[in-house]
Amino acid sequence: MSTELTESAVPPSTDPSAEPASAPSRRTFIATTTAVGGAVVAGGLVTGSPLLGAGEAAAAETPPSSRVSLTVNGKRHTVTVDNRTSLLDLLREHLDLPGSKKGCNAGACGACTVLVDGRRVNSCLTLTVRLDGAEVTTIEGLASGDELHPLQKAFIEEDAFQCGYCTPGQVMSGVGCIQEGHTGSKDEIREWMSGNICRCGCYVKIVRAVEQTAHGK
């Protein structure tokens with residue numbers, strides 16, 4: 001005669017430390033709380049807040065945008081952009097002007113330098129929504145047809161670049177430096193161009209090109 005007991009016939013444990021038969025296992029408990037999206041609190045399970053309606057969810061996912069009109073290299077543009085769009089991304093991704101380079105994207109290298117209303121700015125840190133009515137000049141807008149800007153010519157004559165990645169920002173910063181009147185000496189040029197990094201180390205020739213252009217040499 002078999003002495004094997006069925007599950008229903010097994011007597012309850014007399015061990016006082018054993019869990020009650022009705023208590024869920026750890027695996028079951030975790031699976032249940034994950035499935036219903038609730039929160040575990042002392043004394044039981046509290047279900048989470050009801051899901052958003054489809055309309056509310058769509059509105060929450062749509063970022064705020066604005067309509068902005070600005071002039072870039074003499075051409076007027078009216079665009080509707082996400083309020084988080086930087087001027088650099090507007091130029092490169094929306095207006096097809098890739099001359100301004102994305103280097104650090106944190107305002108530390110100067111590769112993205114452009115002129116806004118005649119002043120130098122790091123376009124990666126400048127929000128497009130703040131530029132309604134502004135005039136922007138990029139490296140693409142310096143030359144007059146086939147005639148290069150004097151500073152562009154000076155960069156070529158002085159061989160003031162190597163890999164060329166930082167060159168658009170260097171040239172735009174140099175133009176701004178000249179317009180702002182910060183070219184009284186080599187040291188002054190170095191100081192006011194210090195926000196533009198050249199990883200190839202062409203600083204001496206860059207300063208020479210800016211000085212040459214500023215004094216019409």
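1. Basis. Residues are numbered from 1 along each chain as its sequence is written, and side-chain values use heavy atoms, with hydrogens and water left out. Because the model is predicted, local features need pLDDT of at least 70 and side-chain atom pairs count only at pLDDT 80 or more, while totals for chains, interfaces and linings use all residues.

2. Sheet. An open sheet is formed by 5 strands in the order β4-β3-β7-β5-β6, with mixed pairing. Its edge strands, β4 (75–82) and β6, each pair on one side only. On average, neighbouring strands are turned by 40° against each other, direction ignored. Strands (E, at least two residues) and helices (H or I, at least four) are DSSP runs, numbered from the N terminus; two strands pair if DSSP finds at least two bridges between them.

3. Strands β5 and β6. These two strands run antiparallel and are joined by 4 bridges. Val114 has Val121 in β6 as its bridge partner.

4. Helix α5 lies across β5, β6 and β7 and runs at about 40° to β5. Axes here are lines fitted to C-alpha atoms, for helices over the stretch in contact, and angles run from 0 to 180 degrees between N-to-C directions. Of the 13 residues of α5, 11 are buried (under 20% relative accessible area; exposed is over 50%, partly exposed in between, with a 1.4 Å probe and protein chains only). Among the buried ones are Thr167, Gln170, Val171 and Cys177. The buried residues of α5 pack against β5, β6 (119–122), β7 (135–137), α4, α6 (186–192) and α7, where contact means heavy atoms within 4.5 Å.

5. Length of α5. The end C-alpha atoms of α5 are 18 Å apart, which agrees with the 18 Å that its 13 residues should span at 1.5 Å a residue. The expected span is 1.5 Å times one less than the number of residues. Just after α5, Gly181 has a positive phi of about 80°.

6. Cores. The largest nonpolar core has 20 residues, and Leu151, Phe155, Val171 and Ile206 have the most contacts inside it. Helices α4, α5 and α7 are the elements that give two or more residues to this core. Another core, of 15 residues, lies apart from it and includes Val72, Leu90, Leu97 and Val136. A nonpolar core is a set of buried Ala, Val, Leu, Ile, Met, Phe, Trp, Tyr and Cys residues joined through side-chain atoms within 4.5 Å. Leaving out residues up to four places away in sequence, the residues that Phe155 touches include Thr167, Val171 and Ile206.

7. The whole structure has 8 salt bridges (a side-chain nitrogen of Lys or Arg within 4 Å of a carboxyl oxygen of Asp or Glu). Glu158 and Arg208 form one of these, at 3.4 Å from N to O. Glu158 is in the loop between α4 (150–157) and α5 (167–179), and Arg208 is in helix α7 (residues 203–214), 50 residues apart. Glu158 is buried at 17% relative accessibility, whereas Arg208 is partly exposed at 36%. Asp159 pairs with Lys205, the closest N and O atoms being 3.8 Å apart.

8. Another salt bridge. Asp89 and Lys102 meet through their side chains at 2.8 Å, N to O. Asp89 is in helix α3 (residues 87–94) and Lys102 in the loop between α3 and β5 (113–116), 13 residues apart. Lys102 is partly exposed, with a relative accessible area of 30%.
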